[in-house]
Amino acid sequence: MDDGPAPGTAKVLDLLRRKHVRATFFVVGERAVRSPALLRRMVREGHVVGSHSWNHPEFLGLSARRLRRQLFRADRAIRRATGQRPRLMRPPFGEVTPEVRTACGALGEAVVLWDVDPRDWKDREADTVVKRVLKHARRGSIILTHDSLKSTRSAYPRIIDGLRKRGFTLVTVPQLFARRMHAGRVYLHA
Ligand SMILES: [Zn+2]
């Protein structure tokens, strides 16, 4: 789940708790400093918090120094809120370059992309988002969604129930890879 923590993220956490689902949240650093309690709650309730940069710039064309600064500031925000450094990083817009891999490798972070994208930021309609996720999910899939979007938040109950009905088990990204992930490497699906 990307781009949070947003005001609606608390409701998502309520839902996940009710349904006994653990998720992976890729948070934006400058939003994390405004809602550290939400990050603490994520960790307390068994979710994984990854970095989604400091303020969501395009990584393409960013100087090495600015890129490192984006990653460092996001990590610091997460560390201050949760006491833990992130081990996962999802680049904004999925923009991975050799520089991104190197910078993440130096920070001990794996780069996590996705193989299922319901384009929920574009088509902000819960029904459409549910349908696309259920249609494209496969064993080992990493599903990209945005808990910052109201339409997606109202899609989550049906996504969870629908995936389970099809026999899937919902896990965090580290669980998906049985924790065998390597810093600086890119992951799309298991
Ligand atoms: Zn994003």
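I listed the buried residues of α4 and got L67, Q70, L71, A74, D75, A77, I78, A81 and T82. Buried here means under 20% relative accessible area, exposed over 50% and partly exposed in between, with a 1.4 Å probe and protein chains only. Down the axis of α4, these buried residues fall within an arc of 160°, so they line one face of the helix. I took the arc from the directions of the C-beta atoms as seen from the helix axis.

The model is predicted: local features need pLDDT of at least 70, side-chain atom pairs count only at pLDDT 80 or more, and totals for chains, interfaces and linings use all residues. Residues are numbered from 1 along each chain as its sequence is written, and side-chain values use heavy atoms, without hydrogens and water.

Next I checked the other face of α4. Turned away from the buried side, it carries the exposed residues R65, R66, R68 and R80.

What covers the buried residues of α4? I found β1 (24-27), α2 (29-32), α3 (36-44), β2 (48-51), β3 (88-89) and α5 (98-107) among the cover. Helices (H or I, at least four residues) and strands (E, at least two) are DSSP runs, numbered from the N terminus.

Just after α4, I noted G83 with a positive phi of about 85°.

Then I turned to A10, which sits in helix α1 (residues 9-19). A10 counts as partly exposed because its relative accessibility is 27%. Leaving out residues up to four places away in sequence, A10 touches L38 and R41. Contact means heavy atoms within 4.5 Å.
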